[in-house]
Amino acid sequence: MGNADGGDSIAMKFKVTSIKAITCDAPYATPPKGRAIAVAMEIETTSKFEGPLSINGTPGMISFSPYYWRGYASNGTRMNTVDSNISQSCLNDPTALLPDHIGKGEKLNGVVILDVSTPKGWVAFEPQEGVAWTWPYSV
């Protein structure tokens, strides 16, 4: 589980509940370049949360979109990207996806779709330079 400290209390909690291989089921889904994985997450922010992003003039936001994720092969080699067209177009039911941006006082469950190039390795969520959490996967 990751968290962002808001002084005396935790302002954001998040955890990865599963990482699974998925098959894109949208009618016109672009095939993944590697393997499509769904990172299922639970996220909760309090009214004290101040994220690192400013979106459309609104400060204090955070994003779990694939842009903020990195992938690493089991030998430690970083993947060039885990973000591809499948991140938004893979699922026939897009309501399972986390929203692009999250602010104060929100509680969410959803998935992030990543396009990894190896069947085994780890993924890292890096919302800002020098701050990252990692999870292993095997698909």
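Student: Which residues do ring pairs link into a cluster?
Tutor: Phe14, Phe64, Trp69, Phe125, Trp133 and Trp135. This is a predicted model, where local features need pLDDT of at least 70, side-chain atom pairs count only at pLDDT 80 or more, and totals for chains, interfaces and linings use all residues. Residues are numbered from 1 along each chain as its sequence is written, and side-chain values use heavy atoms, with hydrogens and water left out.

Student: What makes Phe14 and Trp135 an edge-to-face pair?
Tutor: Rings of Phe, Tyr and Trp (its six-membered ring) pair if their centres lie within 6.5 Å; planes under 30 degrees apart count as stacked, over 60 as edge-to-face and the rest as tilted. The ring centres of Phe14 and Trp135 are 6.4 Å apart, so they pair. Their planes stand at 65 degrees, so the pair is edge-to-face. A search of the whole structure finds 10 aromatic pairs.

Student: Where in the chain do Phe14 and Trp135 lie?
Tutor: Phe14 is in strand E2 (residues 9-21) and Trp135 in strand E9 (residues 131-138), 121 residues apart. Strands (E, at least two residues) and helices (H or I, at least four) are DSSP runs, numbered from the N terminus.

Student: Why is Trp135 called buried?
Tutor: Buried means under 20% relative accessible area, exposed over 50%, partly exposed in between (1.4 Å probe, protein chains only). Trp135 has 13%, so it counts as buried. Phe14 has 0%, so Phe14 is buried too.

Student: Why is the pair of Tyr72 and Trp122 called stacked?
Tutor: The planes of Tyr72 and Trp122 are at 15 degrees, so the pair is stacked. Their centres are 5.4 Å apart. Tyr72 lies in strand E6 (residues 69-73) and Trp122 in strand E8 (residues 120-128), so the pair ties together parts 50 residues apart in sequence.

Student: Is Trp122 buried, partly exposed or exposed?
Tutor: Partly exposed, because its relative accessible area is 30%. Tyr72 has 19%, so Tyr72 is buried.

Student: How do you know that a disulfide joins Cys24 to Cys90?
Tutor: A disulfide is a pair of cysteine sulfur atoms within 2.5 Å. The S to S distance of Cys24 and Cys90 is 2.1 Å, so the pair is a disulfide. A search of the whole structure finds 1 disulfide. With -105 degrees about the S-S bond, the link of Cys24 and Cys90 is left-handed.

Student: Why do Cys24 and Cys90 count as buried?
Tutor: Cys24 has a relative accessible area of 19%, so Cys24 is buried. Cys90 has 0%, so Cys90 is buried as well.
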